[in-house]
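Hi everyone, thanks for coming.

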Amino acid sequence: MIKTFPSTIYNSGTTAAVRDSLMPTTKNSDLSPATPSTDQKITIVLIGKSGVGKSMLINIIANCLKFKLSPQVQSTSSAMHVVVPFLFPLKTDAGMHFIPIGNNDPNEYYYCYHGRQPTTQRCKLYTFSIENGQKLCIVDTPVIPNIPIDARWSQDGKTVAGGNEEGDAPNQLNWPQGLFVDDDQTMIIADWRNHRIVQWKMDDANGQVVAGGKGIGNQLDQLFCPTKVLIDKETDSLIICDRDNRRVVRWSRRSGTTQGEILIDNIDCWGLFMDDQRYLYVSDPKKHEVRRYQIGDKNGIVVAGGNGEGADPNQLNRPSYIFVDQQQTVYVSDNYNHRVMKWNKGAKEGIVVAGGQGQGNNLTQLFHPIGLFVDTLGTIYVADSLNNRVIRWPKGAKEGTVIVGENGQTLKYSSSCTVDVCSNNSTSNIGCSSSPICYQFKTSNSTILCAPQVVCSLLDACISGTRCANNNSVCVINSCCSTPISASTTEICSNATWNQNTTRIVSSFWNSSYQFRVNDFDIDSADNIYVMEAYTKQIYKYAPNSTVGIYVAGSGASSNYILQRLFVDSNGIIYTYEYRYSYPIYNYRIQRYDSNNWINGTIMFGETQCGSDLNSFCGCVDIVADRQGSVYCSDSNNYRIIKITPNNSNAIVVAGVTNTTGSQLNLLSYPQGLFVDANYTLYVLDAGNNRVVAFSPGNQYARLLFSSSISTSYSSIYYNYIRGGLTLDNSGNVYVAGVNNITRWAPSTSTVTTILSVFYWSAPRIRLDSKGNLYVGSYWDGSIDRRSIFTNTC
């Protein structure tokens with residue numbers, strides 16, 4: 001949804017600020033009354049909101065000076081003196097018409113298709129001769145967003161677009177991204193997951209699709225995950241960053257327009273901005289740069305970044321949104337450097353003007369900044385995305401102030417705040433403590449809750465309005481976990497290496513009286529290792545550096561189901577894929593183990609035979625869960641990835657086409673390892689096609705990340721023993737475990753590197769802990785080994 005937060009204090013400081021910036025200054029010694037002279041100038045600066053009649057007042061003054069007295073105006077045959085062009089409204093039986101009066105002036109933008117008067121684009125000086133050789137100088141100004149330093153905004157936003165759950169109906173949006181607001185407060189919205197641009201007038205219940213909306217595709221009438229849109233007023237058209245089609249397109253706003261035209265192609269665009277000279281600025285997060293284009297130019301010039309990924313003054317790291325002022329100074333939301341950079345025109349290096357103190361929620365920090373605006377005083381307004389706030393950063397300030405959203409403070413210890421962390425299951429040993437340290441915090445709906453410090457990961461992050469901090473021990477107000485629990489929270493450098501010597505963490509063993517075999521494992525954010533055991537049919541948790549596991553879930557040997565795959569989410573909930581075999585029939589199911597039932601679990605999906613409809617599947621080579629509790633299953637034998645949402649008996653096919661294999665980007669061939677990131681992007685090891693692909697939410701077509709010879713010994717046997725491992729680190733590097741080696745693909749360089757050469761009888765499970773140590777588990781060997789990170793200097 002789109003919300004507005006009206007200003008509650010907005011003083012009249014604009015007039016003085018604009019006057020001081022436009023009028024010449026005088027020294028104190030020159031303040032004595034001036035002697036009249038024949039060349040004296042009288043200067044008037046007109047200031048006011050767009051549409052109040054500043055330009056029309058200039059026409060009135062010009063005609064008063066020309067004709068002196070109104071009777072002369074009435075009697076003369078001379079034409080009216082038109083200094084600033086305008087539209088004359090003429091009402092006829094056919095309706096209202098607007099007739100342009102005066103010569104065309106590029107400084108005055110006409111809304112011919114909207115029935116509105118022109119608006120001034122830039123400051124312009126009009127000079128008139130008056131009596132005694134004096135001159136009258138009138139400065140006409142555009143609307144200037146100069147916001148007083150003491151302005152305040154209401155904390156209760158008003159929904160002005162969407163707000164009716166996600167969807168593609170006229171009153172719905174689905175992950176809206178870029179937003180442009182016209183002078184009449186009409187909103188132009190990049191409706192990302194609906195692959196369309198929506199125009200939404202203030203106070204309307206529904207929006208209007210003005211570009212795209214024809215499904216995913218790369219035809220000229222289609223869009224594919226647009227991220228930013230703006231209005232080119234000179235051509236009355238939309239300019240759109242059509243991100244996943246890797247192009248910038250222009251789409252006329254005239255009625256009857258059915259398709260756009262390509263302005264720039266082969267560009268991984270994200271943000272757009274057009275300055276008042278109609279230069280187009282485009283951010284490219286893959287090349288870590290911002291380019292400036294003249295309309296019609298396909299190449300452009302680099303105006304920020306362009307020196308590879310990094311945090312040096314001449315570098316950017318995945319720039320997102322941009323803003324350009326009237327001096328062509330470029331401001332960039334340097335997303336992965338958690339800062340805003342200012343690049344003066346022609347500069348080779350940028351200046352940090354907000355953030356730059358590492359990710360965090362202090363007032364000196366930002367956490368993945370995105371949306372950006374700069375007023376005429378140089379005050380920066382930035383959407384601090386993962387801190388769920390809008391922060392205002394005055395020019396030259398060392399820290400910002402929160403104007404909308406939470407203040408980002410961490411939990412405060414309260415001696416009166418107590419909670420029984422074992423109240424749900426006194427035998428589970430999950431997070432139990434004889435005297436837990438408890439903290440008190442306020443949720444997004446102002447409810448006061450208590451929580452123990454040590455079990456932040458057990459909280460429902462999205463509902464309670466908290467997330468786990470970097471050390472996963474305390475909570476931060478009003479946000480969600482930035483990465484899945486299985487991802488490393490340490491930045492892993494492109495030249496990192498791992499120790500070739502292993503430490504055996506868990507081994508399978510058996511004798512005449514006892515058997516223990518590792519089927520699968522996962523690691524939580526506190527580096528606890530969860531081990532799925534085949535014979536006892538239970539799940540054990542190993543604390544860091546411990547060789548003794550504690551039972552946490554599973555019904556034991558009496559169960560008819562064999563535990564095959566395991567995933568632990570950021571709330572400590574355990575998800576499993578299990579199968580049962582009774583010759584000649586296999587049955588499959590997906591279970592959830594939580595505080596409601598740690599022993600027997602709850603059936604989420606299945607208990608059916610192998611099938612390809614939406615209420616059955618043929619096993620999971622891998623499973624993962626997102627932060628909304630939905631489970632993704634690599635249903636390899638059906639060549640698809642299915643998504644199981646809570647309380648839904650039918651699955652959704654989110655990748656691949658059921659029972660259809662192929663190498664096209666909408667098809668899969670024996671998919672194996674899976675990973676879902678914080679943006680719900682689904683990464684798939686497409687083993688039969690020897691490639692790794694990524695599906696954005698709602699997209700049927702994948703992005704090819706890399707293609708390489710990945711030996712995973714994929715098999716079509718029902719019980720899916722063989723699998724290729726896949727995981728990502730906090731820097732977005734992709735790790736793939738095959739039979740003979742473990743490789744890493746770095747998105748910054750698009751290169752594949754072998755980081756370990758080792759033979760496994762089957763392609764293993766692979767995981768990273770919070771410190772970047774690498775864990776490998778092999779089904780046939782029944783072991784879990786750790787390789788410590790050896791070098792990691794960026």
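**A strand and its two partners**

Let's begin with strand E49, residues 623-625, which pairs with strand E50 in the antiparallel sense over three bridges. Before going on, a word on the source: this is a predicted model, where local features need pLDDT of at least 70, side-chain atom pairs count only at pLDDT 80 or more, and totals for chains, interfaces and linings use all residues. Residues are numbered from 1 along each chain as its sequence is written, and side-chain values use heavy atoms, with hydrogens and water left out.

Helices (H or I, at least four residues) and strands (E, at least two) are DSSP runs, numbered from the N terminus. Two strands pair if DSSP finds at least two bridges between them.

Back to our pair: Val 624 stands opposite Tyr 632 in E50. The hairpin of E49 and E50 has five residues between the strands, and there Gly 629 takes a positive phi near 85°.

E50 also pairs with strand E51, residues 640-644, in the antiparallel sense over five bridges. Here Tyr 632 turns up again, opposite Lys 643 in E51. In this second hairpin, with four residues between the strands, Tyr 639 has a positive phi near 55°.

**Some residues to look up**

Most residues other than glycine have a negative phi. Trp 175, which is not a glycine, has a positive phi of about 60°. You'll find Trp 175 in the loop between strand E11 (158-161) and strand E12 (176-181), and it is partly exposed, with a relative accessible area of 25%. Glu 607 has a positive phi too, near 60°. Glu 607 is found in strand E48, residues 602-609, and counts as partly exposed at 36% relative accessibility.

Leaving aside residues up to four places away in sequence, Thr 329 touches Phe 323, Val 324, Lys 342, Trp 343 and Asn 344, where contact means heavy atoms within 4.5 Å.

**The whole chain**

Let's step back. The chain's secondary structure comes to four helices and 64 strands. Of its 794 residues, 51% are buried. Among contacts with a separation of 6 or more, 47% are between residues 24 or more positions apart. The accessible surface comes to about 36100 Å², and 49% of that belongs to carbon and sulfur atoms; accessible areas come from the Shrake-Rupley method with a 1.4 Å probe, and for residues only the protein chains shown count as cover.

Methods:
Buried < 20%, exposed > 50% of the residue type's maximum accessible area, 1.4 Å probe, protein only.
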